[in-house]
Amino acid sequence: MSLKKFSELFSDLDSINSTNNKIEVLKRFFLSNEPIDNSWAIYLLTGKSNKRFISGRYLKNLFSQIYEYPQWLIDTCYLKVGDSAEVITLLLKNKTTSRNKKLSNISLNELLGKTIPELSKLNEEEKNLQIKNIWERLPEDNHLIFNKILTGTFRVGVSIGLITKSISKLINIDEEIISHRLMGNLKPSIDSYEFLINKNINLEELNSKPFPFLLANNIEDKIFKHSINDFQFEWKYDGIRMQLIKRSGHVSLWTRGQELVNESFPELVEKMSFINDDFVLDGELLVWNFKEQIAFDFSLLQKRINRKSPTRSIQKRYPIIFIAYDLLEINGRDIREIKLENRRIELEKYFSKWQNKTENNISDIFKICDLIFPKDWPDALTYKEKSRENNTEGLIIKKKTTIYSSGRKKGIWWKYKVDPMQLDAVLIYAKGGSGRRAGLYTDYSFALWKDQELIKFASAYSGLTNVEIKELDKWIRKNTIEKFGPVRSLKPEMVFEISFEKIQFSKRHKSGIAVRFPRITKWRKDKKINDADSLENAYKLMKKIS
Amino acid sequence: MRTKKEYLIRYKNGNLYCELADIWIDPSKPVKKALITHAHFDHFTFGCEEYISTKETAILLKERFGDNIKIKTFEYGEEFKINGINISFHPSGHILGSSQIRFIFAEEKWLISGDFKLQKDETCKQYEIVKTDYLISECTFGLPIFKWDESNKIANDISKWITSSPEKTSLLFCYSLGKAQRLLKEISQTNFKGNIYSHDSIYKMNNRYRELGIDIRDTIKIENKKKIDELKGSLILLPPSLSKGSYLKNFKNIQTAFASGWMSIRALRKRSGYDKGFAISDHADWDGILEVVKKSEAKNVFFHHGDSEALSKYLVEKESINVLLFSK
């Protein structure tokens, strides 16, 4: 299959809104192309190809250099388009006059498996020349895909779920199996595609991989009508959801993003291998305050997750724990079809066995989650409100009689999050958005009062409706004080209610505080800037929770 | 350098105005005398005592705004005098009847480009290169990311879009005057041979175009209660104003598209809410604007209708052309 065909697929998928039509298009595509190219297509569509060969900035500089184009003009165009790969694609139009479109039939396999990876082996001069050559030899329709792959920004409105459904329909095999096969490091190859579409389910191969995760929905009012005894209550930790698997003595640690992260947490892998049983556990990885038995902030976990082979001192400074929520498989027996309350009994049973019978102490790195037993719903609410005290985000409520299915199915698990903290703040800066929001001012910075001065305390991008974004964009253009590149400083006039999940001291910010997940929850047109909150109020919030 | 008072044409209350002739160009508020470049809504306002335009523009204006507006008409190239200023209309290639307007006074030439394009369009006269000293140009698409494809390529894309979903009704949204007729002309030269329906606002304009000698194919006026089966596989041309709201409930199993120059940008395409976007415009692209600026031989250029910052800087830096700013 040529890159050309994939470009067509991309443009089709990009312009179809209906899920069913997307599935049809994908099915047709898989049927009419070679396994190796299908494998690459799946690799690209599932977002596994986000390796960045060169940066967007590099791409823009290179174009500017080759075609003697002013850098500032490219930057102005970028503000309108919001994507470096697309800007360069649009600017390349009619520039590559060479009739020698030798690469018009290049296959995905050759481009992705050879041409692009080989760029990394070249020195800068050779690399630039090679990119220029490719631009000139590639038909214009293919420039976008090529530039996007180069800059690691290939994305299209297709979820893994959609790919899963398409393949499942193609070969008439359960989605769960396909989703299972799609997990993990599926390197593009004929073999991996044939494995994917193999109509015989090979248990041994499947065994090394995690189960599809079951996800919680937002709380629904109707559950309050049910008896509190129908549900199991747990704290909602703010860590990384994972499956901890031990099969045939081999431990693997999978994130929900389908990444195998054994290398980042070697101490956990080592400890768990001492356990005599095989198992699949669903749980959460956290950096743990063993003294107080609560989680440390997520920011500490970030110090671990991207670091492979951490040193002993890092392991000591950021001690981790795996908190198991659920037991999905024990000694080769898949127990996902057993009711939650019975799975919990099994989990507790095995945990106490492991604690007592493992020669190595495992409790310094592994535990099962504590359950909460509210008397009634108002009591549950009280627990929820207390969740900030132990650094959790609220409660997870699980129906006791349900099996462990997959995805965000309704009526099984709910998250009951603590209400956010809120402050009214003044809009002081705006920046052009990127991607879908290009050409509009959609990235905002907000400030709080300190005496007579407004001090920036948070940036937020989300929360406004499209209509509000457009209205605000108009206002921003009319009320700009100064422009600094893509950023505008604004007349302090607009007040917004900003909600966030956490607040803590920060030396890095002028305001002295950092907030987590700030978002706009209301445009307070009814408020004047003098009604906005002060930094003092923010400090008070911080004291209240600590 | 002269002050703005001394320019023959300047900006006043957000509109182009020639004080010497006491005449306004496409004014947005009622005035005594108005020159109208073309018949789009945003270039016309009710209540002026007298309008002056080309013959075609006058006919289209009357279709849209009623017979009782007073319009004086002139042929392309025909000079007329107001207060000693020679004024003439010249084809701008935007839509049928659209014009650039040239002013000559005391051997100084001024040219107002009006909305214009250089691309091929069989439904109106080709843009005429007019030499001038001062050029006032639109720059709706004044960035180099805008480069139009040939219109027959777009028409083929549209044809493919319709025929690849034969079970669907294809709704193509486009401006009812100009764009619709141009698309009609182009699409009838593609492989798509199915029925084409048009909304009343477009249907009326089609008729006027035909009366003015533009050969475009017949369409069927879309009625609100068409049988769904009958519309399967056909194309319906609709004005963009109907894309939001309840009008679409008249149809089942549809796919929608918008034909506009802005659709060349993916983010705008996605945000537009249409399934698909076709980048076809009746305005000049970047290269078109540069070509007109150069070929007009203007020493001084003004821009309006668009973001002119980058374009101005580019002309000053790269082409050493004097770009002036309107003081409003």
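Let's start where the two chains meet: 15 residues of chain B are in contact with 20 residues of chain A. Keep in mind that this is a predicted model.

**The interface, seen from chain B**
- Two helices of chain B, α6 (266-272) and α8 (309-319), each supply at least two residues of the side that touches chain A.
- The largest share of that side comes from α6(B), with five residues.
- Sorted by class, the side of chain B that touches chain A holds eight nonpolar residues, six charged ones and one polar one.

**Chain A as a whole**
- Chain A has 20 helices and 21 strands.
- Its radius of gyration is 26 Å, close to the 24 Å that the globule rule gives for 546 residues, so chain A is as compact as a globular protein of that length.
- Along the principal axes, the C-alpha atoms of chain A fill a box of roughly 75 × 70 × 50 Å.
- Of the 546 residues in chain A, 35% count as buried.
- Among the contacts in chain A with a separation of 6 or more, 72% join residues 24 or more positions apart.

**A sheet in chain B**
- Seven strands of chain B form an open sheet with mixed pairing, in the order β7-β8-β9-β10-β11-β18-β19.
- At the edges stand β7 (80-82) and β19 (322-324) of chain B; each has a single partner strand, so one side of each is left without a neighbour in the sheet.
- From one strand to the next, the twist averages 25 degrees.
- Within this chain, strand β11 (residues 134-138) of chain B pairs with strand β18 (residues 300-304) of chain B in the parallel sense, over five bridges.
- Ile136(B) stands opposite Phe302(B) of β18(B).

Key. Residues numbered from 1 in each chain as written. Chains lettered and ligands numbered in written order. Predicted model: local features only at pLDDT ≥ 70, side-chain atom pairs only at ≥ 80, totals over all residues. Contact = placed C-beta atoms within 7 Å. Helix = DSSP H or I, 4+ residues; strand = E, 2+ residues; numbered from the N terminus. Nonpolar A, V, L, I, M, F, W, Y, C, P; charged D, E, K, R; others polar. Rg over C-alpha atoms; globule rule 2.2 N^0.38 Å. Buried ≥ 20, exposed ≤ 12 C-beta atoms within 10 Å, placed from the backbone. Pairing = 2+ DSSP bridges. Axes fitted to C-alpha atoms, helices over the stretch in contact; angles between N-to-C directions.
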